[in-house]
Amino acid sequence: MKPAYRSVFRELLRRELGERYRGSFLGVLWHLLLPLSQLLVMSWVFSYLLQARTQYQDLNYAAFLALGLWPWNLFANAVANSVVALTGNSALIGKIALPHRLLVDAKVSASMLLDLAGFVVVLLALLVFGTSLELSGLPIVLLCLLILSIFAVGFAQIVAVLNVFLRDVGAAISQILSLMFFLCPIMYDLAQLPLRLQEILLLNPLVSPIVNIRNALLGLPVDWPNLAISAAAAMLVAVLGHAMLRRARPHLEDYL
């Protein structure tokens, strides 16, 4: 990124973060209190009311769910928030000549920073409540989060461009993400499914980073082959998103 564009990106990012808390009494504290309240509710509902269980004998189901849900949120919220990155900045695009990807990247970065902070809060809460986590697995966790972030940037660019030409995308993205959520082993344990179904679900490149985040924090082996395939798929999606944004650039102002 050129030095001139870095300052623009920082200003866009500051604006995105500022808009989240405008008029809010608690401000950034929401991203400390909300993850903790969600974790407490999930612990009560799934551990006591539904009595959900996994293959991990010593792991509370709420902790199992949290280790998959917050990484998913990192991806899904970034994509959902970026749908309007271009349509919501039509006036700015018409007045200032700047790379349109900065508008998308600022939306993605703001969302991921906030969700990453929430994930850190959740991990600390799990440790305080007695969940045994292998902190030596943190480098693997960071690698998996990086793969999910690359996916998020690519998908965000794709949906932001499509929403300019097909406004139905903005209305449909929440349903699409909900469908993708249930195709990832977040609420259920992949190892408890039949082998054939496991192989089918692993065709989804979002599955491996989520599963391996759990494995790394629980001291289990990392599935490197599938993680490498997910990394390659993430790069492909990112390249496709960048190409779509560049190809659509001359026509965006006509449709905004």
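Guide: Let us begin with tryptophan 72, which counts as buried at 5% relative accessibility; buried means under 20% relative accessible area, exposed over 50% and partly exposed in between, with a 1.4 Å probe and protein chains only. The model is predicted: local features need pLDDT of at least 70, side-chain atom pairs count only at pLDDT 80 or more, and totals for chains, interfaces and linings use all residues. Residues are numbered from 1 along each chain as its sequence is written, and side-chain values use heavy atoms, with hydrogens and water left out.

Visitor: How many aromatic pairs does the structure hold?

Guide: Rings of Phe, Tyr and Trp (its six-membered ring) pair if their centres lie within 6.5 Å; planes under 30 degrees apart count as stacked, over 60 as edge-to-face and the rest as tilted. By this criterion, the number of aromatic pairs in the structure is six.

Visitor: Is the pair of tryptophan 72 and phenylalanine 181 stacked or edge-to-face?

Guide: The ring centres of tryptophan 72 and phenylalanine 181 are 6.0 Å apart. Their planes stand at 65°, so the pair is edge-to-face.

Visitor: How many residues apart in sequence are the parts that this pair ties together?

Guide: Helices are DSSP runs (H or I, at least four residues), as are strands (E, at least two), numbered from the N terminus. Tryptophan 72 lies in helix α3 and phenylalanine 181 in helix α7 (residues 168-182), so the parts tied together are separated in sequence by 109 residues.

Visitor: At what angle are the ring planes of phenylalanine 75 and phenylalanine 155?

Guide: The centres of these two rings, phenylalanine 75 and phenylalanine 155, are 5.6 Å apart. The pair is edge-to-face because the planes are at 80°.

Visitor: Which residues have the most contacts inside the largest nonpolar core?

Guide: A nonpolar core is a set of buried Ala, Val, Leu, Ile, Met, Phe, Trp, Tyr and Cys residues joined through side-chain atoms within 4.5 Å. The largest such core has 77 residues, and those with the most contacts inside it are Trp72, Phe75 and Leu86.

Visitor: Why is helix α9 largely enclosed by the rest of the structure?

Guide: What covers its buried residues includes α3 (61-82), α5 (101-128), α6 (138-165), α8 (195-201) and α10 (224-255). Helix α9 spans residues 207-217, and it is largely enclosed because the buried residues number eleven of the eleven.

Visitor: Which backbone nitrogen does the side chain of asparagine 212 reach?

Guide: Asparagine 212 is found in helix α9 and counts as buried at 1% relative accessibility. At 2.8 Å, its side chain reaches the backbone nitrogen of aspartate 223.

Visitor: Over which ring does the charged end of arginine 214 sit?

Guide: A charge sits over a ring if NZ of Lys or CZ of Arg is within 6 Å of the ring centre and within 35 degrees of the ring normal. The charged end of arginine 214 is 3.6 Å from the centre of the ring in question, that of phenylalanine 64.

Notes:
Contact = heavy atoms within 4.5 Å. Polar contact = N/O pair within 3.5 Å; in protein donor to acceptor, adjacent residues only side chain to side chain.
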